[in-house]
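Let's walk through this protein together, one question at a time. Have the model open beside you as you read.

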Amino acid sequence: MENNFAVRTEGLTKKYGDKIAVNSVDLTIPRGVAFGYLGPNGAGKTTLIRMLLGLTPSTSGQMWMLGEKVPEHRSLALAKVGAIVEEPRFHEYMTALENLRIAAAVRGPEAEKRIGESLERVGLGERSKDKVKSYSLGMRQRLGIARCLLTDPELLILDEPMNGLDPAGIMEFRLLIRAFVGEGRTVVISSHLLDEIEKTCDAVSIVDQGQIIRQGNLSEMFGNPSGEVEIEVGDSEGALSVLSRLSYVSSVELVGKNQLKFELNPEVKPSQVNSDLVLAGVLVEKFSPTRKTLEDEFLSITSNMGIH
Ligand SMILES: Nc1ncnc2c1ncn2[C@@H]1O[C@H](COP(=O)(O)OP(=O)(O)OP(=O)(O)O)[C@@H](O)[C@H]1O
C-alpha cells in the first residue's frame, strides 16, 4: 500500500533532548501532486525532511518514500528523489556548468547527458558559463533545481524554496513546479508562505509545534462553505432593498461605497441572484463568491509564531 504514495510516515517522531521537534506525524503525500507542508517557523518542517532524506535519524516511527522503506532502503529511494534542504550550496568560483558537471560525475553517465537540458529547463542556459558567485538568490535556487533534475527524479522535496525570492522569481518558481507536476512528478514544498502554498499546491498539511493539525486537498478544505458572496453594483441602495426581499439571501450588508456582502442559501445558484437583481433594474458589475482562504484557516488553527 505504501507504494501508492510519494511519502508516507507513521508515528514519526524526533526529539532533541526534552524538546519534541516532530511529534508522532502521520503524513500521506499522494503521487503526482504539488504538496505543501505548511507551518510557522519551528514547526518541525525541516526536521521531517531531514529524517526522510536520512540526514538525521528519527527517534521513533516509520517512513516510506516512493514505496521504499527508509532509512533501510535509503539509496534505492534517493535514486528517485531530488531535494534541496535549506539554501543550495555550490562552488562559488566555478560556473553553473562546472558545478553541474561535478554533481553529475557522482550520479553517473545518464546524469551527465541531462546537464544541458536541466540548465535550459530552469532558464539558465544562457548564463551557464557565468560563475555562481555572480548569481542572484533566485538563480541559485533555479540552479539547485537543475541539479535535482540530473537524476530525472520522481519526487522533488524543496525546503522553503521561495524564501527571499522577488515576486517575479516566485512566479517563475510556481510555473516550474506546476510543469513538474504536469510531467507526473510529485513536488513537496515546505513553507511558511501561505499565499504561495495556496497558489502552487494541490494538497496541504498544516503543521504546528511538531504535529499535523490538518491535511487534505486544498479545494476540499477551502471551498466556499460559508456561501458568502460579495457584489459590486452601481446602485447600492437599490441592491440592498432588492436583496433584503429575497428569501434565499440573508445577512445583507454594505461593505463599501458600491459593495455589498450577503449569505446565499447553498441550494440556490449564484446566477439566480444576479438575474433577480437585473430583473429589478439593478446592474451587477462584479460578482464574487468569497472563499475562506488558507490564511484564515491557518491563522485560526496554528499558534501563528513568526508568520510573515
Ligand atoms: N539540531 C537541533 N538541535 C536541537 N533542536 C533543534 C535542532 N534542529 C531543530 N531543532 C528544534 O526543533 C524544532 C523544529 O525545527 P525545524 O527547523 O524543523 O522547524 P521548521 O518548521 O523547519 O522551522 P524553520 O522554518 O524556522 O526552519 C525547533 O524548535 C528547533 O529549534
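Domain bounds here come from an automatic or database domain assignment. This is a predicted model, in which local features need pLDDT of at least 70, side-chain atom pairs count only at pLDDT 80 or more, and totals for chains, interfaces and linings use all residues. Residues are numbered from 1 along each chain as its sequence is written.

Q: What distance separates the centres of domain 1 and domain 2?
A: The assignment gives domain 1 as 2-221 and domain 2 as 228-289. Taken over C-alpha atoms, their centres are separated by 45 Å.

Q: Which element gives the largest share of the shell around the ligand?
A: A residue is near a molecule if its C-beta atom, placed from the backbone, lies within 6 Å of it. The residues around the ligand include Tyr16, Lys19, Lys45, Thr46 and His192. Two elements give two or more residues, β2 (19-30) and α1 (45-52); helices (H or I, at least four residues) and strands (E, at least two) are DSSP runs, numbered from the N terminus. The largest share, three residues, comes from α1.

Q: How many residues does the largest nonpolar core have?
A: Such a core is a set of buried Ala, Val, Leu, Ile, Met, Phe, Trp, Tyr and Cys residues joined through C-beta atoms within 7 Å, and buried means that 20 or more other C-beta atoms, placed from the backbone, lie within 10 Å of a residue's own. Leu52, Met65, Ile157 and Val188 have the most contacts inside the largest core. That core has 65 residues.

Q: What percentage of the protein counts as buried?
A: The protein has 308 residues. The share of them that counts as buried is 37%.

Conventions: A residue is buried if 20 or more other C-beta atoms lie within 10 Å of its own, exposed if 12 or fewer, and partly exposed in between; C-beta atoms are placed from the backbone.
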